[in-house]
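User: I have a structure open and would like to go through it with you. Could we begin with one of the salt bridges and work outwards from there?

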Amino acid sequence: MNIQFNDKEKKIISCIEEITGITPSIVKQQELEKEQHVEPYYIKEILLISSSFHFFQLEEEGRLSFLLQEYTASYGRKSLPKITHVESKEDCINLLMNQPFDLVIIFDKINDIDSYILGKQIKTITDIPIVLLGNSITELMKVEEINTENIFNKIVTWNGDGKIILTIIQLIEDTVNIHKDQQLANHGRYVLLIEDSIQYYSSYLLLLYDEIHGFLQSMLSDSLSEEQLVLRLSTRPVLLHVQDFDAAEQLYHTNKKRIIGIITDNNLDRGGNKTSRVGEKIAQFIESDKLNIPILIQSSEPHKGNLPEGLQLRFVSKKEPTLALIIKDFINECLGPREIVLKDSNQKEIFRIRNMNDLENAVLSVNDSILTSAIDQHIFSRWLRVRGEADLADKIQSIETEIHKADELRKQLIDVLEQYKYAQTQSSVTPFDRTSLPSHLEINRIGNGALGGKARGLSFLAKLVSKYISDDMFPNLRISIPRTLVISTDIFDAFLKQNSLPSDELFVLPDERIALKFMSANLPATVLGDLRTFIHNTRKPLVVRSSGVLEDSLLQSFAGIYDSILLPNESWETDFRFQDVCNAVKYVYASTFFEKARTYIKSTPKNIGDEKMAVIIQEVIGQKHETFFYPAISGVAKSFNYYPSGGCKQEEGIVYLALGLGKAIVDGGSTFGFCPESPTIPLFGTPKNFMRYAQRKFYALNLKSVYRIVERNEETSYSILGIDDARRHGILDKIASTYVRQDDSLYPGIYEGGSLVIDFGPITQYDAIPLAKALKLLLRISEMTLGYPVEIEFALNLSMTDSEKSELVILQIRSMVPPGRTSDIVIGDFNEDTDLCYSENALGNGIFDTIQDIVYVKPSFDMSNSPQVVGQVRSFNLKLMGEKKPYILIGPGRWGSADHWLGIPVIWSDIAGVKVIIETPFKERAIDPSQGSHFFHDLISSQVGYIITKEDKRNISMKWLESLPFVEEMPDVRHVRLLDPLEVRIDGKQGKAVIRLRKSNK
């Protein structure tokens, strides 16, 4: 992997440095790799010269093809080494002259061909490595005596095991790569074999590579990205072999900081003469350098003298019957533990850790005494270090050294491991694994189909955070995504096919009957086991959400069109909780065909058959308070603000916050807004002005709620709590301010003698949590990455102690504006003669000049009656959509608000045929629109104009509207039609709009 930054990434990195003052870790990684990494050297083409009998021995008895496949997988190679076999000298020379090879292996004598002469002839053609492989030690030793010009790079004896070919390949590749690949040179872990006997080193090489191969497989047993695979391979054990003391001495002094073990004969050549006690001389080097390198000295002669004290030094006779076992034990001690075995006080095995999932599961499940014992012995950090996870090992070692209380240990370890796992996945959505416990910050999937829009957004967020954002950027704030399981669209298809859905009658049934049909159907059996395992391992509240393939697309958002189910998930009965989740999944499937989905899709170029539903199951973000569950803060952040105020610019974005669950925001209730670029600048005017509309109630999940999903959706699980409840729960310190009447001022924090106001003052004014900075960063780099404005939904859990971090959890991301929406529109000045209305607070961009129909709320309307108005508006909408006639909708207050005192609480499907909405003042009360709501997002993505008017001469004339003949009238709403279309112009850049009358309409 060699990371090269493009212009976009350079801008993102510059943005991160500007906002946080910290260089992203990806830059450090890039700088390291740019300086040190090159493509590893691989042997791809091998020419093997042998008799047909010897080749048969290698290929069949030695299982060579199978072994090469296994070798390729273990070392991260893209393709198998290819072996071309020839039996004659002529064929060998001809092939070498006409095609490239990387290695020549001469296997024993071939029809009286002199191997050495053939080797010399090959060297005149090519300088590639040549290896001599033979059965007779005597013959091989004769060749070695005359191999003074190093015609043969290695002379090896054949012991009947085809693994010798793998050993030869790896030995030659490693010899080249430790000089070519700086990553391996600087981070590899070297085992030095010093042996001149062909018989012994051939056996040792085979044995040592077998153990290294097994260790490497354990290192690569985790689910790794390609980048992580490269990193692990660059820290792998490497075997270096030399046959004389001078070469050994040079290798030692060059690589001593990377050497993890030495196996040496005690009698070797030195300067052409046999030298005794060579192994002991190597031990003296180690002692003088004060290095802790294990060394195993083996010799055919008995050891004489004393071994140096303080060294990990052992002596073994080559005549020892268990020599192979001793070598094997020694190399495994040098490599380090492949696995961790945790035992209780009676030495009974409790847990075996083979990979990262096992480690996480052990930390979560073993009892306190076993965990603290493992920590005291530094077992975890040592195991991680030998696997090449140096950074993670350092973090774990710090915990092992500094923390001794079991509960704090467990929490800190889980946090570190979760951060590691999140960075590992790099947005990959991995198959759900029943054998491992679910992990925070991981997206798992059931099925092989599409993930749908919401899940794609989560995957993008995971990649964005793991790639660019590190913990040190926000010292007391952690950024994450929720633990997520995605059931992909192929399961939806299988469900429909298995249950013969949808039938023709489905499209004329009411929602309740559709839900009943889906609830009585069965989920595919292939998903039930995985679902049950997931539910068994979590008792946190869950939300089951739609993730249709059309949701959150650039052109149509479908936001809020499909249903979600909120589940307390608190029962001790797994079967009960499992059934709840199954029913919730089926209900979300059913919502694909509900009336509001069918109505909405008619307003798009799509049809209902184009939608395929994936389902997301997520742990709800929040904390438990009494019998309720909710986050301290929910919010929506937008990188572009269509309603700038207080000196803030449109491109600086806006953030909306609410206490409790995010329903208050998506439904358009009372929220607090601020600009992430300038969080201290008030957008609401004076304290009195803000207090009038400040949040007084909030939504929480009622953990004791009992309901039937088929009858009601997530609404049933909500409870509405008051500010006093939040104060009793102890979460207002960083959320509320105190209004002091005498000063007519708001003071961030809670003080006696004043009124509490939810304005998030401690955060926006005093930066108690760097939320504004974090959201500013997320918005800017998301917009840079995607290339258009974005909207991010999030929730925040406050830390309960000073040692903990608050947690910002990103729930969803979607685009705000489809491409092509930024063309300049000329509005001009207000003209009383031609302009029906004029606004400097408008949403949208474009010219609408085909609208002849207007649906408006009568001026006699009272806001207390707004729920009844919804049905009247819906009726006109269905009729006009059936006639394919776009219309203008006019009425007081905030359209789409869940609070009927703030406006008319329509949902998007109630008005899906509208092209322009005009929001008029209600009794001189101006209410800012809720840009955080699903309603407003659908408005934006459907390219509907939204115009807010003031109570002045530029406001639309209700007198003029009432003078028009009506097509149809209801108690509170009237439909009128003009002779000629109106001309509506909206300038999205300036936030201005005008509606002009044609002459015949005056």
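User: What do the side chains of Glu883 and Arg977 form?
Analyst: The side chains of Glu883 and Arg977 form a salt bridge, at 3.4 Å from N to O. Please bear in mind that this is a predicted model.

User: Where do the two residues of that pair sit in the chain?
Analyst: Glu883 lies in the loop between helix H31 (866–882) and strand E37 (887–892), whereas Arg977 belongs to strand E41 (residues 973–987). The pair links distant parts of the chain, 94 residues apart.

User: Which residue forms a salt bridge with Glu969?
Analyst: That partner is Arg974, and the closest N and O atoms are 2.4 Å apart. Arg974 is buried, with a relative accessible area of 11%, a value under the 20% cut-off. Glu969, in contrast, is partly exposed at 32% relative accessibility.

User: How many salt bridges does the structure hold?
Analyst: The structure holds 42 salt bridges. Another of them joins the side chains of Glu18 and Arg780, at 3.3 Å from N to O. This pair also links distant parts of the chain: Glu18 is in helix H1 (residues 7–20) and Arg780 is in helix H30 (residues 771–786), 762 residues apart.

User: How accessible are Glu18 and Arg780?
Analyst: Glu18 counts as exposed because its relative accessibility is 53%. Arg780 is partly exposed, with a relative accessible area of 21%.

User: Which residues are joined with Glu18 into one network?
Analyst: Glu677, Lys776 and Arg780 are joined with Glu18 through salt bridges that share partners.

User: Changing topic to the sheets. What is the strand order in the open sheet of five strands?
Analyst: The order is E7-E6-E8-E11-E12, and the pairing is parallel. Strand E7 (237–242) and strand E12 (313–317) are the edge strands, each pairing on one side only. On average, neighbouring strands of this sheet are turned by 15° against each other, direction ignored.

User: Over how many bridges do E6 and E8 pair?
Analyst: Strand E6 (residues 189–194) and strand E8 (residues 259–265) pair over five bridges, in the parallel sense. Within this pairing, Val191 stands opposite Gly261 in E8.

User: Which strands of the sheet does helix H12 touch?
Analyst: Helix H12 (residues 245–255) packs on the sheet and touches E6, E7 and E8. The direction of H12 makes about 150° with that of E7.

User: Now to another helix pair. At what angle do the axes of H8 and H10 cross?
Analyst: The axes of helix H8 (residues 163–180) and helix H10 (residues 198–219) cross at roughly 80° and come within 10 Å. The two helices are therefore roughly perpendicular to each other.

User: Which residues meet there?
Analyst: On the H8 side they are Lys163, Ile164, Thr167, Gln170, Leu171 and Asp174. These meet Leu205, Leu206, Tyr209 and Asp210 in H10.

User: Finally, the whole chain. How many helices and strands does it have, and what share of its residues is buried?
Analyst: The protein chain has 33 helices and 42 strands. Buried residues make up 58% of its 1002 residues. Of the contacts with a separation of 6 or more, 73% are between residues 24 or more positions apart.

Key: Residues numbered from 1 in each chain as written. Predicted model: local features only at pLDDT ≥ 70, side-chain atom pairs only at ≥ 80, totals over all residues. Heavy atoms only, no water. Helix = DSSP H or I, 4+ residues; strand = E, 2+ residues; numbered from the N terminus. Buried < 20%, exposed > 50% of the residue type's maximum accessible area, 1.4 Å probe, protein only. Contact = heavy atoms within 4.5 Å. Pairing = 2+ DSSP bridges. Axes fitted to C-alpha atoms, helices over the stretch in contact; angles between N-to-C directions. Salt bridge = Lys/Arg side-chain N within 4 Å of Asp/Glu carboxyl O. Parallel < 35°, antiparallel > 145°, perpendicular 65-115°, else oblique.
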